[in-house]
Amino acid sequence: MVFRSEEMCLVQLFLQSGSEYDCISELGELGLVEFRDLNPSVSSFQRRFASEIKRCDEMERILGYLLREIQKAKIAIPGEDDGPLAPPPRQVLEIMEQLQRLEMELCEVAKNKEKLQRNLRELTEYTHMLKITRTFIHSRSRYEEFPTVETGSVTGCTGMQRLGAKLGFISGLIQRVKVEAFERMLWRVCKGYTILSYTEVDESLADLDTGEIGKSVVFLISFWGDQIRQKVQKICDCYHCHLYPHPENDDERADVLDSLRIRIQDLNNVLHRTEDYLRQVLQKAAESAYSWVVQVKKMKAIYHILNLCSFDVTNKCLIAEVWCPVSDLTNLRGALEEGSRKGDATVPSFVNRIPSSDTPPTLLRTNKFTSGFQSIVEAYGVGDYREVSPAPYTIITFPFLFAVMFGDLGHGTVMSLFALWMVLMEKKQKKKRSGNEIWATFFSGRYIILMMGLFSIYTGLIYNDCFSKSLNIFGSGWSIKPMFANQHWTNKTVQSNSLLTLDPNVSGVFSGPYPFGIDPIWNMAVNRLSFLNSYKMKMSVIIGVIHMSFGVVLSVFNHLHFQQKFSVYLVFLPELLFLLCLFGYLVFMIVYKWLVFSARESSQAPSILIHFINMFVMQGNDITPLYPGQTGLQIFLLVVAMVSVPMLLLGKPLYLHWLYRGGKALRRRRGYERVRRVSEDDGSITSTCDDDEEEGVDGLTIREAPPKQFDFADVLLHQAIHTIEFCLGCISNTASYLRLWALSLAHAQLSEVLWAMVMRLGLRITTKVGVVFLVPVFGLFATLTVSILLVMEGLSAFLHALRLHWVEFQNKFYHGTGVKFLPFDFSHLPSVFEQDGLL
Amino acid sequence: MPSLLFCGPKMAACGMVISIWGVIMLAMLGIFFSAKSAVLIEDVPFTEEDIRNDPNPPQKIYSLYNQVGINCFIAAGIYVVVGAVSLCQVRLNKRQEYMVT
């Protein structure tokens, strides 16, 4: 883990026009540099490589279609661990051709399948219609319409004569919902010259075009006359009926039914084969689908980056501006050489480092352990360029502060085991790309949770709390027997009092403090909370003052690095004096009282709070001093703290004002004085820029170029805000650290309540069979422990520890207004298909 | 033979975790109760008359301690059985998953 972010430099890359694709491909694989946009005013359609990007988009579209089809067919896509490299331009056309061919094939096959299915549905409907109209004709109730066919009339149904008119038939299917309206319309239009009989089809048929399943009705219309026929046909059209030719007689009907059956069988066969073929095609495509996706993604990224570059005048080489870490310059040169070699360039590409006045982005290298802690620091704000990073200390202080609030041996063990399991199966888990966001969050913080659990075990041993019970490892330091020895307690005292106090002044009762942690006897004491509260509150204040002082000390490194040595004397020193004179003294008094006053003087032990308040109102004369010379020392400390406030408020603005108001003699020195926000980390550049500043030509910030424009009011206002924030913040932040006490108390109480209300019920069972009751009671206890005490309390303590870091610790030295370094790296680019869940 | 699988993979995993935790914790509780730890006095089901009418103090309380300790061991034993059943379920689930894919 690093102390501060890495040194970056602005580098110009000169890429030869033959090999620029390969060079950028190499850089993308390594992920070394961040590209800057050299054509910000050009729209995306006017850029040079817009047509190539369009081609990539087209390929992505086809790939998306392909992946959707593969997913529909439920074929698994094998992924590879290390993706293929970006394809060279000549291979691109091949891939494009392959994809287009595949798309055409798939489209055709899909269309054919559609047609076949439609055909199948039509035939099914026809079959149903034939079967049902047969029942119409042969059912007895219709006897009047259709004179029985057994008479052997040769004219058949259509030639039937009734009342001198020719009888015609129209049959077909209509949707069930439309049938009543159809009937009514028929009646009104044809004025009774038609007879409609219909029956619903038993099975739900798929609609011809849409494929929706719905109920249909088979109908048979018998009519007289030709005009009626036309009207009926028009009405049928209107209601979207599917009409099928009605057979003349039973033989014809039977023939048609047979042929239909055969045709349906054939169609089913063909459909099966088509589906098989489709599946084969998709399977073959699925094998290379993954590599195509990766290749297209990389290609598109490379063209996008190429669009950011600018062409030089001769149009022979591409110029790119990148931010590169200084330590990676050799790797960068190596990558460009490799790219030039791959692209068979005659002239190799080279780099040229240029000075810059822009603030570079911030880069902090992390490994899988530190990346979790770095991300929680960055969630507050990415550090300024070359600012001291709080992340390495967070690795220890964050789990520690969490553990102070969570301290329970049993819960810590469960949490550590869970985190250990996640750490041990991290290789397997990385391959499985789970969609569950909450699980992904927990998994990415597995090292944080492991540290938190281990530290909680430690604080659990200190608090001597294991599922709300204390462990007696070393033997308690308190003993009850000596209380009976000198007749302090008799049998009568025990019988007549429900609560008794052990007096440590009686010899033998208290034989010394417990070697490690809180004495287990306190678990059974009624006044346990009074003791623990005092201890935990004082501990919280001590931890808070130490943490904040550490933060203030870290700001020295920032002041020194940004060449503001005056800030060390005018800002850091007053801050530290104010903090230590007031709250450092409070910590001193706490520790003094712990060391000096023992059980013997406990009745005369002073209240630290009263002494502290008296210090401020300077009325300490009527109470006995803690130590000789206390009043004098306290007045001295108070005066020092009071003096440091105006020094903090006015020191820096007045000094800067004097500096800028000074004559030309100071101009030389001005090159070394920089206001905080300007980025200048390379000492060699400052001397060269001295002369430039006289002319004001270079790109340095204008703020300090002409001395007359130094805004005293602005600086004074900033400093006033900082002073008020710091001084009031000291008080409020110290009190804020009392949440360490509050949350640990809440956790201990919740744990105790859970045991008393759940586990105790199971343990106090006296009946013979009651032992089985203990099993579900324990299950309930375990579930509630995990859900309430581990998840809820854990998240709460996590949040509060995080807040203590972000606000109370980091606002003493950290600015967090920087920009993160985002290198051009193929592995960091999200894939559109993964987001859609297709891959 | 009908399938012996009656719970999904997650439920079986939960069952395993709770069983292991139960075995360890209840066994330790049993040991602490048998060692007559004073911290656990509130969990022992004694009554006022147990203390007053005891001819040979504190044997009555000790015997109650032992009783609760034995209860804990029995519960730990039941959890061993539950753990075994969960382990079976986990294995069956894995086998079914292997066969389907």
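How many residues does the contact take from chain B and how many from chain A? The contact (heavy atoms within 4.5 Å) takes 24 residues from chain B and 25 residues from chain A.

This is a predicted model, in which local features need pLDDT of at least 70 and side-chain atom pairs count only at pLDDT 80 or more, while totals for chains, interfaces and linings use all residues. Residues are numbered from 1 along each chain as its sequence is written, chains are lettered from A and ligands numbered from 1 in the order in which they are written, and side-chain values use heavy atoms, with hydrogens and water left out.

**View 1. The area buried between chain B and chain A.** About 2100 Å² is buried between the two chains, and carbon and sulfur atoms give 74% of this. Buried area is the accessible area (1.4 Å probe) that two parts lose on being put together, summed over both. Of the area that chain B buries against chain A, 31% comes from Trp21(B), Val39(B) and Asp43(B), more than from any other three residues.

View 2. Three salt bridges are found between chain B and chain A; the rule asks for a side-chain nitrogen of Lys or Arg within 4 Å of a carboxyl oxygen of Asp or Glu. Lys469(A) forms a salt bridge with Asp43(B), with 3.6 Å between the closest N and O atoms. On the side of chain B that touches chain A, helix H1 (9-34) and helix H3 (59-100) of chain B each supply at least two residues. Helices (H or I, at least four residues) are DSSP runs, numbered from the N terminus.

**View 3. A salt bridge within chain A.** Glu29(A) and Lys298(A) meet through their side chains in a salt bridge (2.9 Å, N to O). This pair links distant parts of the chain, 269 residues apart: Glu29(A) is in helix H1 (residues 20-30) of chain A and Lys298(A) is in helix H6 (residues 250-308) of chain A. Over all chains, the whole structure has 27 salt bridges.

View 4. Why should helix H16 (residues 528-561) of chain A span 50 Å? The helix has 34 residues at 1.5 Å a residue, and its end C-alpha atoms are 50 Å apart, which agrees. The expected span is 1.5 Å times one less than the number of residues. Just after H16(A), Gln563(A) takes a positive phi of about 60 degrees.

**View 5. Confidence in chain B.** The mean pLDDT (the predictor's confidence in each residue, from 0 to 100) of chain B is 87, and 95% of its residues reach 70 or more.
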